[in-house]
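Welcome to this short tour. Open your viewer, switch to a cartoon view, and get ready to click through the stops below.

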Amino acid sequence: MPHLVIYYTANLDRETDMTALCRTLADTMLSIVDEESKPVFPKGGIRVLAFPAAHHAVADGGAAGRAAHTHTGAASGDAGDYAFVYLNLRMGRGRSATVHKNVGDALLLTTQTHFQTLFAQRHIGITLQIDEGQEVFDAKYSNLHPLFNNLNKP
Amino acid sequence: MPHLVIYYTANLDRETDMTALCRTLADTMLSIVDEESKPVFPKGGIRVLAFPAAHHAVADGGAAGRAAHTHTGAASGDAGDYAFVYLNLRMGRGRSATVHKNVGDALLLTTQTHFQTLFAQRHIGITLQIDEGQEVFDAKYSNLHPLFNNLNKP
Amino acid sequence: MPHLVIYYTANLDRETDMTALCRTLADTMLSIVDEESKPVFPKGGIRVLAFPAAHHAVADGGAAGRAAHTHTGAASGDAGDYAFVYLNLRMGRGRSATVHKNVGDALLLTTQTHFQTLFAQRHIGITLQIDEGQEVFDAKYSNLHPLFNNLNKP
């Protein structure tokens with residue numbers, strides 16, 4: 001933990017670098033500290049995974065976008081070809097509401113910066129949510145965490 | 001919101017049009033009204049995303065299906081090649097139990113209608129569930145909602 | 001139900017057989033019994049679906065792994081090419097804490113056995129969690145369950 005899973009419409013793969021977004025989101029999580037200036041997340045536990053949908057339907061399927069396009073005379077692409085990105089962060093229980101808000105705000109800012117140019121060019125909806133995991137069983141099998149623990153030693 | 005995510009076994013991509021299913025499910029959500037005849041969902045917030053699994057295992061892996069096939073003499077395809085579809089709708093908190101049931105019933109009917117022919121031809125399991133999001137952070141960055149708000153103005 | 005969804009970094013598809021992992025995890029679920037020696041899960045309801053991520057970022061992106069590699073002189077592959085597997089089992093409500101633990105332990109053992117060789121060769125993190133579904137609507141449309149019910153009859 002934490003796990004950030006991104007679902008998105010596959011039309012975005014032609015228009016933006018989703019691997020770069022994954023990396024900047026992971027870097028954002030690496031840098032976030034709590035009220036005592038300690039890292040919120042263990043370095044070895046940060047994972048961002050992005051999945052383009054093979055099939056999708058968004059809103060009205062494009063009618064309103066194309067109608068608006070006709071009215072404004074805007075020119076690039078198909079104004080009815082909506083895009084959508086859903087970012088869901090699952091993190092462990094027990095952090096404060098302040099930490100939740102700081103994490104959410106930081107990830108949203110990173111996401112907005114990534115999509116800023118595209119946002120001005122096409123119809124796109126982005127939603128970011130954070131869930132606290134309510135799991136009834138949790139287990140890890142990893143040689144990533146020790147890697148970072150070892151390196152932190154003098 | 002709402003987000004309808006569909007996970008399914010990839011064998012279905014050869015047998016049915018999953019993009020069409022996404023669209024009819026979105027249209028179903030567009031048409032659902034609450035007890036006061038108002039739309040349950042904001043038009044710009046409706047998203048359906050479908051993901052075929054690259055790998056899967058269902059039930060016993062096909063033994064019972066092939067055994068039943070032998071007994072009945074049914075002919076088409078491999079009776080041990082099970083299919084599975086999981087539809088998970090995540091919606092915002094605060095709707096009534098009646099709305100949950102109406103939404104679920106409507107989406108199930110649309111799904112059953114879509115798969116009716118296939119259901120008579122192959123072994124398939126379909127499960128539909130609705131979750132109320134319990135997120136601790138929620139943010140949006142979208143030019144889809146305003147699109148519909150503008151069009152609603154005279 | 002139950003549904004076991006596996007998200008993983010796509011680099012693993014070159015190194016291990018994820019379809020085989022799905023099958024052994026399904027077989028593990030088939031064999032689990034409760035305190036009264038009855039099967040925990042209905043045979044027709046067991047589904048395992050695995051999704052490789054099209055894009056990902058894990059931990060620091062590889063720096064610590066490559067640094068450790070230099071120190072130890074270990075040789076195979078890129079030590080900064082981390083892998084990650086997340087297994088999430090969603091099961092119905094109402095089972096005991098003992099059942100949750102037994103299911104989790106059994107699935108973890110199966111997973112560890114599958115990845116044992118790879119674990120000794122590369123950097124990889126594996127997390128397994130079980131959620132009890134908190135759905136507000138649940139419906140099924142299936143000809144899989146009856147298949148098993150019929151076969152159980154004399």
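Which residue of β2(C) does C:V5 stand opposite? Select C:V5 and look across: its opposite number there is C:L49.

Before you go further, some ground rules. This is a predicted model, in which local features need pLDDT of at least 70 and side-chain atom pairs count only at pLDDT 80 or more, while totals for chains, interfaces and linings use all residues. Residues are numbered from 1 along each chain as its sequence is written, and chains are lettered from A and ligands numbered from 1 in the order in which they are written.

**Stop 1: the strand β2(C)**

Select residues 47–53 of chain C, which form strand β2. Helices (H or I, at least four residues) and strands (E, at least two) are DSSP runs, numbered from the N terminus. In β2(C), 6 of the 7 residues are buried, meaning that 20 or more other C-beta atoms, placed from the backbone, lie within 10 Å of a residue's own.

**Stop 2: its partner in chain C**

Strands count as paired if DSSP finds at least two bridges between them. From β1(C), follow the chain through helix α1 (residues 18–31) to β2(C): this β-α-β crossover is right-handed. That is, with the strands pointing away from you, the path from the first strand over the helix to the second runs clockwise.

**Stop 3: a partner from chain B**

Next, select residues 55–58 of chain B, strand β3, which is antiparallel to β2(C) and has 4 bridges to it. Here B:H55 stands opposite C:A50, and B:A57 has C:V48 as its bridge partner.

**Stop 4: where chains B and C touch**

Widen the view: 35 residues of chain B are in contact with 33 residues of chain C, contact being C-beta atoms, placed from the backbone, within 7 Å. On the chain B side, β5(B) gives the largest share, 9 residues.

**Stop 5: the axis**

Finally, show chains A and C. A rotation of 120° with 0.0 Å of shift along its axis superposes chain A on chain C, with an RMSD of 0.0 Å, using least squares on the C-alpha atoms of residues with pLDDT of at least 70 in both. The two copies are therefore related as by a three-fold rotation axis. In chain A, select A:F51: its C-alpha is the nearest to the axis, 4.8 Å from it.

Definitions and conventions
Buried ≥ 20, exposed ≤ 12 C-beta atoms within 10 Å, placed from the backbone. Contact = placed C-beta atoms within 7 Å.
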